[in-house]
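Dear colleague,

Please find below the structure that I am handing over to you. My findings follow it.

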Amino acid sequence: MTSVLEIDGLTVSFSTPDGDVSAVSDVSLSVEAGECLGLVGESGSGKSQTFMAAMGLLADNGTATGEIRLDGIDLLSANEKKLNTLRGERIAMIFQDPMTSLTPHMKIGRQLSEVLIEHQKVDARTGRARALDMLNRVHIPEAERRLDMYPHELSGGLRQRVMIAMALMCEPEVIVADEPTTALDVTVQAQILDLLAEVKDNLDAAIVLITHDLGVVAGLADRVAVMYAGRIVEQGTVGDIFALPAHPYTQGLLACTPRLDVETEALVTISGQPPNLQNLPSGCSFHPRCKYVVDQCKSERPALEAMDNGHIRACFRPHVEVAQ
């Protein structure tokens with residue numbers, strides 16, 4: 001199948017009073033229609049900035065180079081007018097904090113219908129009717145009553161469903177979900193992930209699920225890309241990543257994930273802290289925290305190398321299967 005969104009050699013940097021900060025370095029990714037790509041890594045690894053660049057939403061001090069193509073359209077070279085026609089209609093983003101993403105003084109119905117009024121030039125009555133339909137599709141109870149409520153009158157789980165409904169209003173080809181279950185209790189998290197699975201199956205949309213938690217992507221993602229210090233360090237099918245993790249960082253993330261089927265005395269942690277992006281260590285950025293480090297890791301940066309079935313990783317250590 002043809003990729004609906006392709007990222008090739010993306011680098012994102014920010015100018016600060018203390019110098020440039022490289023948030024994303026030479027990242028290449030793709031996602032196909034009907035596929036879910038899980039993008040995993042610790043806070044500050046560059047996951048969100050990769051797709052803020054795709055949406056044209058970088059901060060004023062940020063610059064992006066490389067290529068990001070949506071069905072062949074280069075998003076990085078698109079002007080603001082072109083981006084405004086694409087955002088919401090063909091590519092949409094679900095942000096992690098709906099309370100700050102929704103406009104607090106506007107009723108839910110108006111916020112949803114404005115997406116259609118702006119992109120599809122429908123009238124207000126049609127926009128409201130389709131907003132009601134979409135609230136029902138994302139399983140919001142008493143949907144008609146919710147149209148006339150303000151964001152602060154809804155629970156966190158309902159606000160997140162409204163954000164998903166807003167992203168779906170124009171049935172975009174690509175949906176980017178940035179930590180969509182953050183700050184929600186586990187029951188609501190499961191409901192939101194089930195809802196995204198419905199979207200994936202019913203709309204044939206490409207979904208990018210950004211998260212720090214490998215457990216969140218287990219039941220939804222088809223492929224997983226693992227980021228560390230602004231770079232992709234491993235990528236493969238969800239089965240390969242969970243059964244045969246090939247990079248020490250991925251192995252560490254999996255070991256940190258609590259499991260019900262394995263009896264453990266204590267949670268495992270990855271030692272140390274993520275590096276300062278303004279002063280990255282030489283060689284492999286993960287080497288100060290890696291228990292397998294050798295001298296080569298400290299002086300050379302490993303390139304991504306192909307393994308089996310599209311599984312790739314950036315590591316000098318010979319691949320040894322690790323029991324999970």
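Ser 45 is buried in this predicted model, because its relative accessibility is 4%, under the 20% limit. The residue sits in the loop that connects strand S3 (36–40) with helix H1 (47–55). A polar atom of the Ser 45 side chain is 2.9 Å from the backbone oxygen of Glu 42. Beyond the neighbours within four places in sequence, the contacts of Ser 45 are with Ala 23 and with Met 227, Tyr 228, Ala 229, Gly 230 and Arg 231. Arg 125, by contrast, lies 44 Å from Ser 45, C-alpha to C-alpha, with a sequence separation of 80 residues.

Turning to the chain as a whole, the fold contains 12 helices and 12 strands. Its radius of gyration is 20 Å, close to the 20 Å given by the globule rule for 324 residues, so the chain is as compact as a globular protein of that length. The C-alpha trace extends over about 65 × 50 × 40 Å along its principal axes. Of the 324 residues, 48% are buried. The accessible surface amounts to about 15,400 Å², and carbon and sulfur atoms account for 49% of that area. Among contacts between residues at least 6 apart in sequence, 63% link residues at least 24 apart.

The largest nonpolar core has 62 residues, and within it Leu 135 and Val 224 touch the most other members. Helix H7 (residues 156–168) supplies the largest share of this core, with eight residues. A separate core comprises 35 residues, including Leu 29, Met 93, Val 174 and Ala 225. As for Val 224, its contacts outside the four places on either side in sequence include Leu 37, Gly 38 and Val 40, as well as Leu 214 and Val 217. Glu 234, Gln 235, Gly 236, Val 238 and Ile 241 are also in contact with Val 224.

Finally, the cysteines: the number of disulfides is zero. Cys 297 takes part in none, and its nearest cysteine sulfur, that of Cys 284, is 6.2 Å away. Cys 297 is buried, since its relative accessible area of 11% is under 20%.

With kind regards

Definitions and conventions
Residues numbered from 1 in each chain as written. Predicted model: local features only at pLDDT ≥ 70, side-chain atom pairs only at ≥ 80, totals over all residues. Heavy atoms only, no water. Helix = DSSP H or I, 4+ residues; strand = E, 2+ residues; numbered from the N terminus. Buried < 20%, exposed > 50% of the residue type's maximum accessible area, 1.4 Å probe, protein only. Contact = heavy atoms within 4.5 Å. Polar contact = N/O pair within 3.5 Å; in protein donor to acceptor, adjacent residues only side chain to side chain. Core = buried A, V, L, I, M, F, W, Y, C linked by side-chain atoms within 4.5 Å. Rg over C-alpha atoms; globule rule 2.2 N^0.38 Å. Areas by Shrake-Rupley, 256 points an atom, 1.4 Å probe, with all protein chains shown as cover. Disulfide = S-S within 2.5 Å.
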